[in-house]
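Hi there,

Here is the structure I promised to pass on to you.

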Amino acid sequence: MTGLSVLSERLDGLTREGDLYEALPAKRVRCRACAHRCVIPPGRRGVCRVRFNREGRLFVPWGYSAGVAVDPVEKKPFFHMLPGSQVLTFGMLGCNFRCAYCQNWITSQALRDPAAGWAVEEISPEALVAAAREFGAEGVASSYNEPLITAEWAAAVFREAKAAGLRTAMVSNGYGTGKVLEYLRPWCDALKVDLKTVRDPQYRRLGGRVDPVLETVRLAQEMGLWVEVVTLVVPGFNDSDAELAEAAEFIASVSPDIPWHVTAFHPDYRMGDVPPTDAARLLEAARTGERAGLRFVYMGNVPPWLAGRFETTWCPHCHEPVVERRGFRVVANRLGPRGKCPRCGSRVPGVWA
């Protein structure tokens, strides 16, 4: 057996019947976890390779982790959710995209690329939440692979976390459906969406389409999830003035209060020959966000001396600095639990308590 076959067999044993699917004639199933909405015949797999049809029932990943870490919430990045707190992040394997520049390719491409792959460890939702509490984390986040394709597992962990008084978050590519967002909403507080581009031909190179991602941002905002959007600015892929302006204008059209993180690309995976994002290009992207009317624009993956004012959260009314950061470290947080500016009393949007 090949390494991929061994890993696939191992993961198939760590599954249970899923919730996010509908039965079709001839024992086919339609998966509703992501916007591919795969119609899967018996014995076959969806695009993600981890959700599969066993005799007319959809089986999904369950009961394991391919990575657990306790990180600052700013690393996710969430800048408007419990600044300075620690979050236990857990992940599984697999993805519904195939980005050539993926920075988590070891886990996301484990079922496609023989060079990837990762040891998995059986674990329970209760054990993950107990670990979060032991290490003083104030929240848990599903990340590392694409969490929408493992939504049933994330929901189980989130239920335990909410019962323990913890906040919960998804770090996702946003290639979702209304069904998966409705399924997660009772247990999920926040959603970070990677808006990789606003051009459909570019999204198709990654394995998807742009419209479902835009709709995920809209729906999540309407449902009351706290939403932050990240765009990795990749030279030659999505870094034109026009495209960055379109991305900023789209986000502002949903809500000018959605934070937009423009982050620097570094060579990785199959794009090792592409240069890192130029600092001046990233700074112009941040200014583009401000011109589009976004109230909270941040720069990431650059040294603090380059990010400058784009690491700080400013009151949108009186322009008082209310949360100051240096990289992933909060050096001053002047917001109370209700998120009010100490100078003018206006509430700054976010999850502060």
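Below is what I found, topic by topic.

Before you start, remember that this is a predicted model, in which local features need pLDDT of at least 70, side-chain atom pairs count only at pLDDT 80 or more, and totals for chains, interfaces and linings use all residues. Numbering starts from 1 along each chain as its sequence is written, and side-chain values use heavy atoms, with hydrogens and water left out.

**Cysteines**

A disulfide is a covalent bond between the sulfur atoms of two cysteines. I counted a pair of cysteine sulfur atoms as a disulfide if they are within 2.5 Å, and the count comes to 0 disulfides. Take C95: its closest cysteine sulfur is in C99, 6.3 Å away, so that is too far for a bond. For C99 the closest one is in C102, at 6.2 Å, again too far for a bond. Both C95, at a relative accessible area of 10%, and C99, at 6%, are buried (buried means under 20% relative accessible area, exposed over 50%, partly exposed in between, with a 1.4 Å probe and protein chains only).

**The core**

In soluble globular proteins, nonpolar side chains tend to be buried together. A nonpolar core here is a set of buried Ala, Val, Leu, Ile, Met, Phe, Trp, Tyr and Cys residues joined through side-chain atoms within 4.5 Å. The largest one has 96 residues, and L93, Y101, L195 and W260 touch the most other members. Helix 4 (residues 151-163) gives the most to this core, namely 7 residues. (Helices, H or I with at least four residues, and strands, E with at least two, are DSSP runs numbered from the N terminus.)

Which residues does W260 contact, leaving aside its neighbours within four places in sequence? Among them are V229, L244, I251, F296 and Y298, where contact means heavy atoms within 4.5 Å.

H261 lies in strand 15 (residues 260-264). Is H261 buried or exposed? H261 counts as buried, at 2% relative accessibility. Its side chain makes a polar contact of 2.7 Å with the side chain of E228. (A polar contact is a pair of N or O atoms within 3.5 Å; within protein, one must be able to donate a hydrogen and the other to accept it, and residues adjacent in sequence count only if both atoms are side-chain atoms.) Not counting residues up to four places away in sequence, H261 also touches others, including P77, F79 and Y298.

**Salt bridges**

Side chains of opposite charge can pair when their charged atoms come close. There are 22 salt bridges in the structure, each being a side-chain nitrogen of Lys or Arg within 4 Å of a carboxyl oxygen of Asp or Glu. E122 and R10 form one of them (3.6 Å, N to O). This pair links distant parts of the chain, 112 residues apart, with E122 in strand 10 (residues 121-122) and R10 in helix 1 (residues 3-12).

Another joins E284 and R291 at 2.5 Å, N to O; E284 is partly exposed at 23%, and R291 is exposed at 56%. R334 and E324 also form a salt bridge, with their closest N and O atoms 2.7 Å apart. E324 is in strand 18 (residues 321-326) and R334 in the segment after strand 19 (329-333), so the pair ties together parts that are 10 residues apart in sequence.

**Strands**

Strand 11 (residues 139-142) and strand 12 run parallel and are joined by 4 bridges; two strands pair if DSSP finds at least two bridges between them. Within strand 12 (residues 167-172), 5 of 6 residues are buried, and A169 is the bridge partner of A141.

An open sheet has 3 strands in the order 17-18-19, with antiparallel pairing. Strand 17 (313-314) and strand 19 are at the edges with a single partner strand each, so one side of each is left without a neighbour in the sheet.

Most residues other than glycine have a negative phi, and most peptide bonds are trans. The peptide bond from K76 to P77 is cis, with omega near -5 degrees. P77 sits in the loop between strand 8 (67-72) and strand 9 (86-91), and L82 is found in that loop too. L82 has a positive phi of about 50 degrees and is buried at 9%. A26 also has a positive phi, about 60 degrees, but A26 is exposed at 65%.

Cheers
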